[in-house]
Amino acid sequence: MLELVRRFHSWSLNTIQGRFLVITVFLLLVGGLLAVLPLAALIYDEREQETYKHVNEALDRQEQALSSWKKEQMEELSSLASFPQSRSSLLAQIDHVIENNSSFFEDLSIIDADGRIAYSVNRSMTAELGNVADRPYVQFSLKGEPFTSDVIRRQSDGEPVIVMSAPLLNERGQTVGVLSGTVPLDRVLNAMNALSFSETAQLYVADESGMLLFPDATEDAVSLAQTELFHQANKGTAQTAPYENINGEQVIGQYRWVHDGQWLLVGEVSTKEMSASFWRTIGMMAAILLFVFGLACCVIRLLVRQIMQPIHQLLEATVILRLGNYSHRIPDSSVEESLGEFKALKGAYNEMARSLEQEFSLRIQAEKELRQANEMLTRLSLSDSLTGIGNRRYFDDVLELTWESAIEQKKPMSLLLLDIDFFKKYNDRYGHDAGDRALRRVSEAVDTIAKEAGAVAARYGGEELAVIIPPGISAESFGLAEKIRRSIEHLCIMHEETKSGIITVSVGGATILPKTDDASALLIRKADEALYYSKRKGRARSTTYESITP
């Protein structure tokens, strides 16, 4: 182990690569710490503010839920009290509400204008309480106002309850009594949901003195009076820092005064949960920093190695030259600070590359001329020597390529086959030289019209010519066939062996949407059938595949 340390110390002091790497590592560590520490503080503060935001939003929802609950219960009570009806009907509705548990009310009572309990679902209440004219909820409702009390202890059993009351109206809308409803405190508080945005979130409800009402008001009295949050709530100031709750745990909390300022609604989240999220983020940042640190070390080591080995440029240049890039040169700027021997090697390399480039240019020129000659031979082999248009080989190649293109594009293509009418008789009467001249003129006319339409003309054999119409060409096969046929008649080449006295052609065309398993011979066969039909019907006419009848 000591030997390894000694070697590393010697390497880091006596080599450029070692010094470079040690300095780089040191700078990266210092820079990383300077970057991470402020960022960590910023993230912690952001997590804390985010927690405060979630708690406040949750308390707003709870406050809204409590207000909505109170409004719904009061509307239900007021609805029963304000609808003019007979006493028996009112009592039946009250019993129905209680028996079917359709509301939060445990007891509903009718109180007359003198404060006497005229009816109560809980029959014992009538005898126990007697006259309740001194109760605030009776006094307020007799004045025509609905009322919700604070938490009071029921005289019969000491249970904490809330009393809601509404004026009882007769048919003329006059207040003749009070309809009151008793709601046990636990039913009120159970209407409020627990905080669900966090695993450690807690919800508390306390009265004005700090006595805990929720989550369980039946246990031994627990008070929030000694907590920092309760003091802040009494002052009406915001809680902006973590504090110790009634369980001795550090928490982040917020409060709301609800129920007309009679209850304190408190939401808390443990700082441990927030810290756990913070440390997970810090761990991820540390992993990223380590990755960047390792990557930077690799890059620096590679750069140092390149600086220490200037001869490497010559080796690279030799490889480039061997791969055929004879225009490559080692620039003068790359060897300005190198040794004289390397400068001499650079000069020799550049001179050798220049000579090879000249030889390569001559070879490229010779290959170009040879390729042009081959292309000319190819054109000659695909061109008909008599007519100057494509020969049968050219026709076969273009047809196959066009057929494959039509299959790929899923578009139809067309083929026209032309035959000079009574051409053998023409040769017999006027001689073969005249026949050759006539065939050239007909071929030139066909080729001109085919090119204008974006099609390809070729000599199919003897006095037969062909026109290939690729997919996507707008020319309609029958219309193009007729145009070609009429243009040949307009040449007015004398032919006394025909009815018209001039050379005419018969044209057969076919249009097919080829399928994958079809062959191009199908198109030729259909076009040939159409050509045969034109000849059979008197020649000097055009027929397309679609017009053939069985």
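Guide: This is a predicted model. Start with a salt bridge: glutamate 482 pairs with arginine 485, their closest N and O atoms lying 2.9 Å apart.

Visitor: Which helix holds glutamate 482 and arginine 485?

Guide: The two are 3 residues apart in one helix. That spacing means about one helical turn separates them. The helix is H14 (residues 477-489).

Visitor: Which residues do salt bridges with shared partners join into one network?

Guide: Glutamate 482 and arginine 485 are both buried. Salt bridges with shared partners link them into one network. Its members are Glu482, Arg485, Arg486 and Glu489.

Visitor: Are lysine 424 and aspartate 428 buried or exposed?

Guide: These two form a salt bridge, with closest N and O atoms 3.4 Å apart. Both sit in helix H12 (residues 423-430), 4 residues apart, about one turn of the helix. Exposed means over 50% relative accessible area. Lysine 424 and aspartate 428 are both exposed.

Visitor: How many residues apart are aspartate 384 and arginine 459?

Guide: A salt bridge joins them, the closest N and O atoms being 3.2 Å apart. The pair links distant parts of the chain. Aspartate 384 is in the loop between helix H10 (340-382) and helix H11 (392-409), and arginine 459 is in strand E13 (residues 456-461). The separation is 75 residues.

Visitor: Are aspartate 384 and arginine 459 buried or exposed?

Guide: Buried means under 20% relative accessible area. Aspartate 384 and arginine 459 are both buried.

Visitor: How many salt bridges are there by this rule?

Guide: The rule takes a side-chain nitrogen of Lys or Arg within 4 Å of a carboxyl oxygen of Asp or Glu. The count is 16 salt bridges.

Note on methods. Residues are numbered from 1 along each chain as its sequence is written. This is a predicted model: local features need pLDDT of at least 70, side-chain atom pairs count only at pLDDT 80 or more; totals for chains, interfaces and linings use all residues. Side-chain values use heavy atoms; hydrogens and water are left out. Buried means under 20% relative accessible area, exposed over 50%, partly exposed in between (1.4 Å probe, protein chains only).
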